[in-house]
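This report examines the secondary structure, the surface and selected side-chain contacts of one protein model. Please consult the sequence and the coordinates alongside the text.

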Amino acid sequence: MDKYRDNFSDRIKPKMDYSSGMGQVKIEPFKESQMALVKSLFAKEEREQFFSDAYGEILTDLFVAWLKSEPHATKERDFLYASAMALGSVKAKMVGIEMYGANMAFIQNQNKQSQEGETNE
């Protein structure tokens with residue numbers, strides 16, 4: 001229960017630095033943003049590790065099933081191969097979406113600059 005109480009108090013109380021002494025309180029605007037950055041980087045690494053592990057396990061299962069299939073079972077083998085290729089396409093699409101999301105601020109900045117350039121001409 002204490003960890004929830006600490007999290008609650010960290011989010012409610014203002015971010016202040018009392019270390020300056022002399023009764024002065026210094027507001028730290030970057031403390032919260034730094035904590036959010038650390039948490040997001042950790043979440044991204046964990047997500048990447050999770051999906052890489054899951055992708056590897058599923059692909060291995062499909063390959064083992066393909067090896068266990070009879071050589072004359074072409075429809076089954078084609079299905080397993082197509083499933084593996086579809087899994088690769090899904091992963092590629094997810095990586096593309098994540099990359100687009102990470103680059104969104106840069107893209108929006110470029111769009112704003114190009115629009116401002118068009119209005120100035």
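How many residues does α3 have, and what span does α3 reach from its first C-alpha to its last? Helix α3 has 29 residues and reaches 42 Å between those atoms, close to the 42 Å expected at 1.5 Å a residue; the expected span is 1.5 Å times one less than the number of residues.

## Basis of the model

The model is predicted: local features need pLDDT of at least 70 and side-chain atom pairs count only at pLDDT 80 or more, whereas totals for chains, interfaces and linings use all residues. Residues are numbered from 1 along each chain as its sequence is written, and side-chain values use heavy atoms, with hydrogens and water left out.

## Overall architecture

The protein has 4 helices and 2 strands, following the pattern α-β-β-α-α-α along the sequence. Helices (H or I, at least four residues) and strands (E, at least two) are DSSP runs, numbered from the N terminus.

Of the 121 residues, 7% are buried, meaning under 20% relative accessible area, where exposed is over 50% and partly exposed lies in between (1.4 Å probe, protein chains only). The buried residues of α3 are R77, L80, A84 and L87. The accessible surface comes to about 10,800 Å², of which 61% belongs to carbon and sulfur atoms; areas come from the Shrake-Rupley method with a 1.4 Å probe, and for residues only the protein chains shown count as cover.

## The loop residue S69

S69 is found in the loop between α2 and α3. S69 counts as buried because its relative accessibility is 7%. Its side chain makes a polar contact with the side chain of R77 at 2.9 Å and reaches the backbone oxygen of W66 at 2.6 Å. A polar contact is a pair of N or O atoms within 3.5 Å; within protein, one must be able to donate a hydrogen and the other to accept it, and residues adjacent in sequence count only if both atoms are side-chain atoms.

Not counting residues up to four places away in sequence, S69 touches E76 and R77, contact meaning heavy atoms within 4.5 Å. S69 and L80 are 11 residues apart in sequence and 9.8 Å apart in space, C-alpha to C-alpha.

## Placement of M94

M94 lies in helix α3. This residue is classed as partly exposed because its relative accessible area is 38%.
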